[in-house]
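Subject: Structure handover and notes on charged side chains

Hello,

Here is the structure for your files. Please look it over before reading the notes below it.

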Amino acid sequence: MKIVFITQSGKVFATLNDSKISRDFYSLLPLKIELKDYAGAEKYAKLARPLDIRDEPSTDGKKSDISYFAPWGNFVIYYKNQPFYEGIIRLGRFDGDFNAVINSKNVEIKVVK
């Protein structure tokens with residue numbers, strides 16, 4: 001599942017995993033979100049509703065991962081590596097350089113057709 005992040009600086013492409021939670025996130029698109037920084041390592045935004053996390057494994061947060069942080073219901077983009085934490089669920093990854101997203105506050109996420 002290909003998606004695109006549209007920023008003031010341009011477009012950034014990503015690929016979502018073929019998982020139940022990623023399909024749930026994909027069903028929310030298109031989205032306009034406001035990204036906030038957390039701990040100098042990640043950008044996050046609150047989603048309109050929680051994603052279905054049943055049977056989804058927790059993981060670490062690798063640089064360029066697109067994830068969901070279940071305890072807070074946040075969409076997360078990691079720009080620095082994070083250790084394993086219960087409730088981090090990987091949705092996908094950026095296909096290349098994603099600095100335009102990290103350096104943006106307002107982002108639109110759409111399905112690539």
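The notes below cover salt bridges and then one lysine.

This is a predicted model, in which local features need pLDDT of at least 70 and side-chain atom pairs count only at pLDDT 80 or more, while totals for chains, interfaces and linings use all residues. Residues are numbered from 1 along each chain as its sequence is written, and side-chain values use heavy atoms, with hydrogens and water left out.

Salt bridges

A salt bridge here is a side-chain nitrogen of Lys or Arg within 4 Å of a carboxyl oxygen of Asp or Glu. The count under this rule is 11. Helices (H or I, at least four residues) and strands (E, at least two) are DSSP runs, numbered from the N terminus. For accessibility, buried means under 20% relative accessible area, exposed over 50%, and partly exposed in between (1.4 Å probe, protein chains only).

One of the salt bridges pairs Asp95 with Lys2, at 2.7 Å from N to O. Asp95 sits in the loop between β10 (88–94) and α2 (99–102) and Lys2 in strand β1 (residues 2–7), so this pair ties together parts 93 residues apart in sequence. Asp95 is partly exposed at 43% relative accessibility, and Lys2 is partly exposed at 40%.

Another salt bridge joins Asp24 and Arg49, with an N to O distance of 2.6 Å. Asp24 belongs to helix α1 (residues 20–26) and Arg49 to the loop between β5 and β6 (59–61), 25 residues apart. Asp24 is buried, with a relative accessible area of 15%, whereas Arg49 is partly exposed at 32%.

Lys105 and Glu34 also form a salt bridge, at 3.7 Å from N to O. Lys105 is in the loop between α2 and β11 (106–111) and Glu34 in strand β3 (residues 31–34), 71 residues apart. Glu34 is partly exposed, with a relative accessible area of 37%.

Lys43

Lys43 lies in strand β5 (residues 42–46) and is buried, with a relative accessible area of 13%.

Regards
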